[in-house]
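Have a look at it first, and then we can go through its features topic by topic.

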Amino acid sequence: MNTLRDLIRSRPIVTAAVVTVFLAALPFLLGNNYYVRVATIVGIYVILVSSLNIIIGFTGMFSLGHAAFYGIGAYTSAMLTTMAGWNFWLALPVAGIVAGIFGTLIGLATLRLRAVFLAFTTLGFGEITRIVILNWRSFTRGPMGIAGVPIPTLFGWTFDRYGYYYLVVVLAALTVGIIYRVYHSRVGRALVAIREDETAARSMGVNVFGYKVLAFTFACVFAGIAGSFFAHFQRFVSADSFANLESFAIITMVALGGTGSIFGPILGALILVILPEVFRFLAQYRGVIYGLVLILVIVLKPGGLAGVKGIFEKPKTPKRRKRR
Amino acid sequence: MRRIVLVSILAAALVVPVFATGQTEAADDSIHVALSAPITGDWSEYGVNFQRSVEMAIEAINADGGVLGGRTFRLSVGDTKGNPQESATLAQKWTSDDSIVAQIGAFSSSSSMAAQPIYDAAGMVQLSPTASHADYAKGSPWSFGIVGTQAGEGPFNAAFAYDDLDLRKIAVLHLNNDWGIDTAKYFSEAFESEGGEIVGTEFYFDGESDFTAVLTKLKDSDADGLFIASFYNDGAGINIQRDRLDWDVTVLGPTSLYSPQLISLGGDSVEGLYTATGFFAEDPDPRLRAYVEGFTEKYGDPPNFHAALAYDAMFLLADAIERAGSTDREAIRDALAETSDFPGLAGSITFTERGDANKGYSKLTIADGRFIPYE
C-alpha cells in the first residue's frame, strides 16, 4: 500500500493519465446500462461524501443533515428548470449557491456553540427541510414531487446514460480536485488546526468561527451541486430521496472510507454503493452484509480504510496525531 | 496483518456474489418477470406482501399450465427500500436484462415515478399495483396502475348514493389533504350531475379529533345523507360524535373506510354505514376464497387490499402475455393497454387511455358489527 502511494506521489502525471483513461473507458468496459448507472451513483456519492468530509474530516465538526442541502440543491434545480424554464447549466451552479446560502445561515446560527449543537441543529434542519417540502404544496408540489425534470443538453446533444456518467465524473473530479487544493492551502491548514485543537488555533490567530462557517458553506455548495445533478439524472424529485436516512448513509461512507483524507471518501462511496447492489440476490438479508462490513471495519481499522482520523477512534493521542 | 484480513474480506465480499448470481440464469423457455417492492424499510410490510402475492400467483399460473402453450414464469425480486433512487436503479437493472419481459412495481407513487423515465426509454412495461398519483400513469405509455383513482371512484359512490340509497341532498365532510380534496371533488361533481344537491361542504385537518363544530354546521344543512372522505380512524370518530349530536342521517364513504378497525373503534355509531371496496376478504367467490385461505395458511395473516392488487397484477400480466401471443416487450404493452373488464380479485380492471384503471367495486354496509355486501 505504501509503495503504491509512493508510486502515485512520484509519478503524478502518469497516475492522472492512467486514472483518466480508466474512467473514460469504464462505461465501455462495463457495457451494461445498469452498471453504468451504478457507476454514476458512485459519482454522486463521491461528491456528497467528499464534501461532508470537509465538515467532519477536516474541520472536526459534525453535521447530521447533509441530505437536506443535497435536497435543497435538487429541488432548486428541478424547480428552476421545470417551472421557470431555466437551462440546466445555469441551474447547476445556482443550486450550489442556494444550498450554500442555507449552509451559511445554519453555520452562522450554530457554529459559535459547541460542536454537539451543530449536530442537533443539522439533524433538525434535515427533518424540517423534508417536512417543508412535503407541506408547502403551492411551492414544491408537496408529496406529488416534481416530475419531468429536463434532460441536460450540450451544444444540441441530449445526454444519454454515458453522458450522465461522464458529467458526474467531471463534477466529482472537480470537487475532489478543488477540495484537494483547498486542503493543501492556508485555509486547509487552518481547518486542520481547528480540528486538532481549537484553543491552540485561536491563539495562533486563526479566526475559528469564520473558518468554520466557510468550511460548512463550502461543503453545502458541493452538496447542492450533487443534488442538482441528481435531479436531472433521476428526472423526478420527491422528499423521500432526502430523508435523514440519506444523511446517515453519507456519514457512514465518510466513516468507512476514513475521515480527513482525500481518497477515503472516494473509497467509502465506492464500497457502500456497490456492496448493496452486489448483494441484491440476498433480498432482505443484504442489509446484514452491509452491517457486517461496517462492524468489521470499525473493529479492524477504526480510522476508516484510508483515514487520517476516524470517527470511531478513541480520543486522539499525540503519537497518532501526525503521520509525518 | 489486520489490513490484509480486511482487504481480503472486502475483496471476497465483492467477488463471491458474482459467482453466486451466475447460477440463477435458467436455460429453459420460462418467462422472466421482475418485481420491485420495498422488501425492507418503512413499507416492508407492503413489500413483503407484494412478494408473497406475486409468488403465489406465479405458482398458481405455473401449476395451471403457464401461458403461451405451457411456458412457465420465473420471478426476480428487487428491494427498493421505499427509496425512489433504488427503484430507478432497479429499473435500469431490469431493463438491461434482455430476458426480463415486464416489471411489476413499485409500491409508492414516488418510487414508481422515479423509475418511469427508465422504463419509458427502454420500452418495458411498468405495472404498479398501488401507485395512484394522478401524474403517474399518464407520464408514459409504458406505465400502468391498477389501484384506481378518485376520478373513477367518485362517480361510483355518487351513483350508489343517488340510485341505490335514494339520497338527494348530501353534506360532505373531507380530510383536508390532496387525497381528501380530490375525493370530495369527484364525488360532489358526479352527485350533482346525477341530479342531486350538495348542501354543504366542510373539512378538517389531519390529526384533528374534535368534529362537533363542523358536524353541527352540517346538521343544520337539512341533508338526508352525509358523505365522509376520511380514513377509518377519523371515520369512527366522526360517527361517534355525530351520534352524540343525535344527528340521524345516512352515512356513506369511499373505500378508505373499509377496515375492521372502523367497526372496532366506531362500535354502534357506524351501524348502517355504507361504503365500498375493491377487495372484500369475506367474499364467497371461490377464486378469492382460494387466494385468501392459501395466503392465510401460508403466512399466518389474511391478505389486505394491497396484497390482493399485487396478486391481480401478476395474473393481469400473464393474461396480457397470453393475449399478446408473445413475450415481446412492446406486444405485452399493447395487449395490456387493451385490457377490458379483467376479473381481478380486487375489482375488475379496464385501462383508460392514460393507463390507469377504472375499477369495479363491491357495495358494503355494516350490520351487527360486521361488513356485509349491500344487496
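Predicted model: local features only at pLDDT ≥ 70, side-chain atom pairs only at ≥ 80, totals over all residues.

A search over all chains turns up 16 salt bridges, and chain B is assigned two domains, domain 1 (30-145 + 287-359) and domain 2 (151-278 + 362-373).

**Domains of chain B**

- Each domain of chain B is built from two stretches of sequence: 30-145 and 287-359 belong to domain 1, while 151-278 and 362-373 belong to domain 2.
- Between the C-alpha centres of domain 1 of chain B and domain 2 of chain B the distance is 32 Å.

**Surface patches**

- On the surface, a patch of negative charge brings together Asp243(B), Asp246(B), Asp248(B), Asp268(B), Glu271(B) and Asp368(B).
- One of these residues, Asp268(B), sits in the loop that runs between helix 9 (260-266) and strand 10 (274-277) of chain B.
- Asp268(B) is classed as exposed because its relative accessibility is 67%, and the cut-off for that class is over 50%.
- A nonpolar surface patch is made by Ile97(A), Ile101(A), Phe102(A), Leu105(A) and Leu108(A), which together have about 470 Å² of accessible area.
- With a relative accessible area of 46%, Leu108(A) is partly exposed.

**Salt bridges in chain A**

- Arg195(A) pairs with Glu196(A) in a salt bridge whose closest N and O atoms are 3.0 Å apart.
- Are the two partners, Arg195(A) and Glu196(A), buried or exposed? Both Arg195(A) and Glu196(A) are buried.
- A network of salt bridges links Glu198(A), Arg202(A) and Lys212(A).

**Salt bridges in chain B**

- Lys169(B) and Asp222(B) form a salt bridge, with 3.3 Å between the closest N and O atoms.
- Lys169(B) is in strand 6 (residues 169-175) of chain B and Asp222(B) is in the loop between helix 7 (212-219) and strand 8 (225-229) of chain B, so this pair ties together parts that are 53 residues apart in sequence.
- Arg289(B) and Glu293(B) are separated by about one helical turn, because they stand 4 residues apart in helix 10 (residues 286-299) of chain B.
- Arg289(B) is partly exposed at 22% relative accessibility, and Glu293(B) is partly exposed with a relative accessible area of 46%.

**Backbone details worth a look**

- Which kind of peptide bond leads from Gly105(B) to Ala106(B)? This bond is cis, and its omega is near -5°.
- Ala106(B) is placed in the loop between strand 3 (100-104) and helix 4 (109-122) of chain B.
- Arg235(A) is not a glycine, yet its phi is positive, near 65°.
- The place of Arg235(A) is the loop between helix 11 (208-234) and strand 4 (236-237) of chain A, and Arg235(A) is partly exposed with a relative accessible area of 24%.
- Leu68(B) is another non-glycine residue with a positive phi, about 50°.
- You will find Leu68(B) in the loop between helix 2 (44-63) and strand 2 (73-79) of chain B, where Leu68(B) is partly exposed with a relative accessible area of 22%.

- Thr175(A) is part of helix 8 (residues 161-183) of chain A.
- Thr175(A) counts as buried because its relative accessible area is 3%, and buried means under 20%.
- How many Å separate the C-alpha atoms of Thr175(A) and Gly103(A)? The separation is 17 Å, for residues that are 72 residues apart along the chain.
- In chain B, Gly360(B) occupies the loop between strand 12 (357-359) and strand 13 (362-367), and Gly360(B) is partly exposed at 25% relative accessibility.
- Gly360(B) and Asp285(B) are 75 residues apart along the chain, and 15 Å separates their C-alpha atoms.

How values were computed. Residues numbered from 1 in each chain as written. Chains lettered and ligands numbered in written order. Heavy atoms only, no water. Patch = residues over 30% accessible without salt bridge, like charges linked within 9 Å, V, L, I, M, F, W, Y side chains within 5 Å. Areas by Shrake-Rupley, 256 points an atom, 1.4 Å probe, with all protein chains shown as cover. Salt bridge = Lys/Arg side-chain N within 4 Å of Asp/Glu carboxyl O. Lys, Arg positive; Asp, Glu negative; His and termini not counted. Charge placed at Lys NZ, Arg CZ, Asp CG, Glu CD. Helix = DSSP H or I, 4+ residues; strand = E, 2+ residues; numbered from the N terminus. Buried < 20%, exposed > 50% of the residue type's maximum accessible area, 1.4 Å probe, protein only. Domains from an automatic or database assignment.
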